[in-house]
Amino acid sequence: MRITGGTLKGRNVKCPDGVIRPAMDRMRESVFSILGSLEGKSWLDLFSGSGTIALEAVSRGASHVELCEKDKIKINTVLENVKMAEQDCGVKIQCHFMPVEYYIKRCKSSFDFIFFDPPFPYKFHQQLVEQCDKNKMLNKDGIILVHRPAEHAMPEKIGALVKSDMRIYGRSIVDFYTYPKSDS
């Protein structure tokens with residue numbers, strides 16, 4: 001796998017042992033293009049796998065990046081990938097090695113972007129987005145992105161969040177959830 005844009009563009013990312021479904025290069029490049037500049041923004045990568053999405057965020061200017069991955073087999077590879085990005089970009093990436101559900105329940109931080117990329121059989125996308133909303137993990141103008149299989153539908157509204165965009169990439173979809181814009 002390679003980083004698709006930013007200061008780390010073209011750099012190889014190591015893939016850990018165990019089950020992994022790396023986000024397609026085309027999908028990653030498209031999503032980050034839609035989001036635009038990440039300069040000074042915060043990013044949370046949930047179900048991180050190899051850490052590629054977090055590395056893309058750092059490469060594209062995010063100044064505060066965290067990732068969460070529960071699979072202990074992936075720890076050494078994630079840390080190796082993170083070390084490469086930190087050295088080249090000068091941004092510390094906070095790594096949490098625990099179940100995402102546990103991380104969300106105890107998280108006290110808020111982010112500009114939260115990216116979910118659970119294994120495709122995972123069935124609790126909506127509940128995790130609801131918990132992020134309840135815990136006020138998303139900044140007012142932030143975006144929650146949910147990468148999911150096409151056969152797993154997501155509602156138009158989750159808590160106070162509304163689906164503001166949806167992009168299709170083969171048999172996978174990325175949903176964008178935001179807070180409604182006020183007219184004031």
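The model is predicted, so local features need pLDDT of at least 70 and side-chain atom pairs count only at pLDDT 80 or more, while totals for chains, interfaces and linings use all residues. Residues are numbered from 1 along each chain as its sequence is written, and side-chain values use heavy atoms, with hydrogens and water left out.

- T4 sits in the segment before α1 (25-35); helices (H or I, at least four residues) and strands (E, at least two) are DSSP runs, numbered from the N terminus.
- T4 counts as buried because its relative accessibility is 11%, where buried means under 20% relative accessible area, exposed over 50% and partly exposed in between (1.4 Å probe, protein chains only).
- Leaving aside residues up to four places away in sequence, T4 is in contact with K9, D25, R28, E29, E56 and R60 (contact: heavy atoms within 4.5 Å).

**Positive phi values**

- F47, a residue other than glycine, has a positive phi near 60°.
- Most residues other than glycine have a negative phi.
- The loop between β1 (42-46) and α2 (52-59) holds F47, which is buried because its relative accessible area is 14%.
- K136, also a residue other than glycine, has a positive phi near 55°.
- K136 belongs to the loop between α5 (125-134) and β5 (138-149), and counts as exposed because its relative accessibility is 63%.
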